[in-house]
Amino acid sequence: MLADAGALVLWPSAGDATEHGCHLYLDNCAAFLRADLEASPTGAGRLPAPPPDASGHICPHPDRMLREIILRGTAAMVGKGYQSDMPGFEDLLTEAEVEAILDYLKSEWPERERAHQARVTAADEAAGG
């Protein structure tokens with residue numbers, strides 16, 4: 001892509017994008033999730049955010065839902081009085097930053113979980129999600 005006469009703009013490699021997502025995750029999510037992708041202890045009466053690793057409850061969800069959870073927070077998505085320490089980040093993160101975080105999280109999952117989650121996302125998108 002040409003930015004101006006003769007200047008070539010290089011897009012970051014996949015590794016750079018994943019590293020960016022890792023930094024965003026650590027900067028924004030460390031308050032309620034540990035850096036090792038496991039749920040942290042939580043306050044009384046609240047449920048911890050599920051760990052975003054392969055053992056957690058996020059792998060079975062389509063990208064659309066994962067984006068909404070990051071943007072709106074767990075309690076807003078679940079409703080019915082559910083309380084969680086995971087806030088929404090819609091006022092703090094751009095769509096591109098949310099995508100970078102998801103890319104980072106997925107890069108930490110085993111291939112089996114990534115493939116399953118990709119199928120779930122494709123089915124959700126085909127259904128108009």
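**Where α2 meets α4**

α2 and α4 pack with their axes 10 Å apart, at an angle of about 115°. Their crossing is right-handed. On the α2 side, the contact uses D63, L66, R67, I70 and L71. On the α4 side, V98, E99, I101, L102 and K106 take part. Sort those residues by class and you get 6 nonpolar, 4 charged and no polar.

Keep in mind that this is a predicted model.

**The whole chain**

Now step back. How many helices and strands does the protein have? There are 5 helices and 0 strands. From the N terminus, the order reads α-α-α-α-α. The protein has 129 residues, and 32% of them are buried. Now take contacts between residues at least 6 apart in sequence. Of these, 55% join residues at least 24 apart.

**The nonpolar core**

Next, the inside. The largest nonpolar core has 16 residues. Which residues have the most contacts inside it? They are Y25, I70, L93, V98 and I101. Three helices each supply at least two residues of this core: α1 (14–29), α2 (63–72) and α4 (95–107). α4 gives the most, with 6 residues.

Look at L93 for a moment. Leave out residues up to four places away in sequence. L93 then touches L24, N28, I70, L71, V98 and I101. Two of those, I70 and L71, also belong to the α2 side of the helix contact we opened with. V98 and I101 are on the α4 side of that contact.

**Charged pairs**

Now the salt bridges. The count comes to 5. D63 lies in α2 and K106 in α4, so the pair ties together parts that are 43 residues apart in sequence. Are these residues buried or exposed? Both D63 and K106 are buried.

R64 forms a salt bridge with D124, and here the closest N and O atoms are 2.9 Å apart. R64 sits in helix α2 and D124 in helix α5 (residues 111–126), so this pair ties together parts 60 residues apart in sequence. R64 is partly exposed, with a relative accessible area of 36%. D124 counts as buried, at 14% relative accessibility.

The last pair stays inside one helix. E111 and R114 meet through their side chains in a salt bridge, 2.8 Å from N to O. Why can they reach each other along the helix? They are 3 residues apart in α5, so about one helical turn separates them. In general, an α-helix has 3.6 residues a turn, so residues three or four places apart point the same way. R114 counts as partly exposed, at 29% relative accessibility.

**Back to α2**

Let's finish on α2. Its buried residues are D63, L66, I69, I70 and L71. What covers them? The cover includes α3 (74–78), α4 and α5.

Notes. Residues are numbered from 1 along each chain as its sequence is written. This is a predicted model: local features need pLDDT of at least 70, side-chain atom pairs count only at pLDDT 80 or more; totals for chains, interfaces and linings use all residues. Side-chain values use heavy atoms; hydrogens and water are left out. A nonpolar core is a set of buried Ala, Val, Leu, Ile, Met, Phe, Trp, Tyr and Cys residues joined through side-chain atoms within 4.5 Å. Buried means under 20% relative accessible area, exposed over 50%, partly exposed in between (1.4 Å probe, protein chains only). Helices (H or I, at least four residues) and strands (E, at least two) are DSSP runs, numbered from the N terminus. Contact means heavy atoms within 4.5 Å. A salt bridge is a side-chain nitrogen of Lys or Arg within 4 Å of a carboxyl oxygen of Asp or Glu. Axes are lines fitted to C-alpha atoms, for helices over the stretch in contact, and angles run from 0 to 180 degrees between N-to-C directions. A crossing is left-handed if the near helix is turned anticlockwise from the far one by less than a right angle, and right-handed if clockwise. Ala, Val, Leu, Ile, Met, Phe, Trp, Tyr, Cys and Pro count as nonpolar, Asp, Glu, Lys and Arg as charged, and the others, Gly among them, as polar.
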